[in-house]
Amino acid sequence: MNPQGERWTTDQVLALAPDDASRKAGGKLAAPGPWSETGADGGAVWGLCKGSGKKPYQTVIDVTGPAFTCSCPSRKFPCKHALGLLLLWAGEGETVPAGAPPEWAGPWLAGRREKAERAAATPAGGGGAARTPSDPEAARRRAERRLERIASGATELEQRLEDLLRTGLTAAEGGSYRQWDETAARMVDAQAPGLASRVRELGSVAASGAADWPARLLAECALLHLLDQGFLGRERLPAPLAATVRARIGLTTDAAELLTGPEAATVRDRWLVLAQQDSDDGRLTTRRIFLRGERTGRMALHLSFGGGGRPLDLALPPGLVLDADLAYYPGARPLRAALGERHAPAAPGPVPPGCGVDAALAAYGDALRDDPWLESWPVVLADVTPVPARDGSGWQLADADGESALPLDPRFLGRAGLWQLAAISGGAPVTVFGECGHRGFVPLTVWDPTPVSL
């Protein structure tokens with residue numbers, strides 16, 4: 001490790017960019033020319049960037065977070081100045097020398113470190129005064145009322161599905177999406193957002209015009225019926241499966257309760273960041289960060305949300321290793337997890353070990369057995385080569401022996417990531433992380449040997 005701390009790679013920095021425009025703008029600032037008073041102290045990087053005005057922008061980065069602050073007016077996180085400074089720091093040479101933070105950077109960094117120290121000093125199960133309901137009995141009654149509303153919504157939805165099957169699926173073809181939207185709105189009123197989302201999916205399938213839409217609609221109806229019945233009969237289900245049903249309906253567990261509640265159970269490991277993926281529906285930005293434990297081998301998914309100018313609270317580019325505690329949300333096949341205490345700053349990690357195509361399919365099958373509503377399961381494939389399918393139906397990832405192959409998800413085939421994956425491979429085996437599902441495999445990261453987001 002050099003005096004400035006373990007440097008990131010360029011790909012790890014670019015993985016933090018909120019969009020392609022930010023990547024390009026940050027790349028233009030990855031040169032010493034516009035920068036002055038740059039420095040690093042192992043956990044932070046700072047610098048002044050010349051802008052259009054007389055006063056340069058003050059940019060400070062806590063690389064252990066990572067977290068960013070900049071005096072520019074940009075509403076993107078990180079902004080182009082933070083990306084440019086990180087790229088400059090990640091590059092070869094000593095263009096960002098080691099040193100002590102200047103006066104204009106010190107207070108923000110000190111505040112970050114004080115916050116981290118307070119979090120580390122908070123005992124497990126402590127600090128709960130602010131999270132403890134002022135009236136537990138009132139909270140219990142509210143929870144019961146919500147369960148009653150959801151049960152009424154699920155019963156109503158069962159009747160809607162029964163009517164649809166009685167009249168025949170063809171009655172839904174070419175029909176107005178409004179009827180589905182109205183049913184979804186009823187589920188929102190019943191405080192069951194998971195049911196509402198699946199109803200909207202029914203409407204999308206019926207209106208898709210695809211040749212196989214009746215089969216897809218029937219399959220989605222069956223899964224929705226299974227979820228309704230699971231919730232209505234949840235008291236007879238094993239506890240892990242009941243927790244999965246509750247989560248699929250939209251009943252969530254508070255992250256603070258997972259980490260510090262009376263039944264909190266955390267898993268400490270060195271977690272390798274496999275992928276970071278953002279999606280934006282116009283109102284809310286969702287960030288998915290996939291991790292895998294070095295010791296336990298367990299997969300984990302961390303979700304964070306931002307919107308209305310509020311930045312996402314966590315950014316971890318693929319390839320980093322994080323020594324930290326995770327608390328898994330309850331379920332028959334736990335995957336989503338909350339991030340707890342970090343025991344060391346994030347540092348670059350190795351290429352992850354992977355499995356073959358047959359083992360990946362088996363892992364997805366095992367997960368689907370526990371949670372039939374799963375769309376996909378995260379897996380790392382080792383020594384696979386992207387090749388066109390022999391029947392011309394698309395692309396696939398083939399094992400080194402050529403005996404097994406996993407088709408790529410059709411939704412991935414139209415993306416630039418396909419050609420990026422093929423170019424990185426060059427016809428040779430590579431390590432790829434992605435999601436294995438019933439539509440095929442969606443690659444998210446490829447190692448070359450450093451990680452590249454697709």
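Student: Which residues does Arg-198 touch, not counting residues up to four places away in sequence?

Tutor: Arg-198 touches Glu-220, Leu-223, Leu-224, Leu-227 and Trp-373, where contact means heavy atoms within 4.5 Å. A word on the source: this is a predicted model, in which local features need pLDDT of at least 70 and side-chain atom pairs count only at pLDDT 80 or more, while totals for chains, interfaces and linings use all residues. Residues are numbered from 1 along each chain as its sequence is written, and side-chain values use heavy atoms, with hydrogens and water left out.

Student: Why is Arg-198 called buried?

Tutor: Buried means under 20% relative accessible area, exposed means over 50%, and partly exposed is in between, with a 1.4 Å probe and protein chains only. Arg-198 has 14% relative accessibility, so this residue counts as buried.

Student: What makes Arg-198 and Trp-373 a polar contact?

Tutor: A polar contact is a pair of N or O atoms within 3.5 Å; within protein, one must be able to donate a hydrogen and the other to accept it, and residues adjacent in sequence count only if both atoms are side-chain atoms. Here a polar atom of the Arg-198 side chain lies 3.4 Å from the backbone oxygen of Trp-373.

Student: Now to another residue: is Thr-286 buried or exposed?

Tutor: Thr-286 has a relative accessible area of 16%, so it is buried. Thr-286 sits in strand β6, strands being DSSP runs of E with at least two residues, numbered from the N terminus. Leaving aside neighbours within four places in sequence, its contacts include Gln-277, Leu-303 and Phe-305. The C-alpha atoms of Thr-286 and Phe-305 are separated by 4.7 Å, although these residues are 19 residues apart along the chain.

Student: Which residues line the largest cavity?

Tutor: The lining consists of Ile-289, Leu-291, His-302, Leu-314, Leu-316, Leu-322, Leu-326 and Leu-339. Lining residues have an atom within 4 Å of a point, and a cavity is a set of points on a 1 Å grid over the protein atoms alone where a 1.4 Å probe fits but cannot get out. Strands β6 (285–293) and β8 (320–328) each supply at least two residues of that lining.

Student: How do you know that the overall size agrees with a compact globule?

Tutor: The radius of gyration is taken over C-alpha atoms, and the globule rule is 2.2 Å times the number of residues to the power 0.38. For 454 residues a compact globule would come near 22 Å, and the protein has 24 Å, which agrees.

Conventions:
1 Å grid on protein atoms, 1.4 Å probe; cavity = no way out; pocket = protein on both sides within 12 Å on 5 of 7 lines; lining within 4 Å. Helix = DSSP H or I, 4+ residues; strand = E, 2+ residues; numbered from the N terminus.
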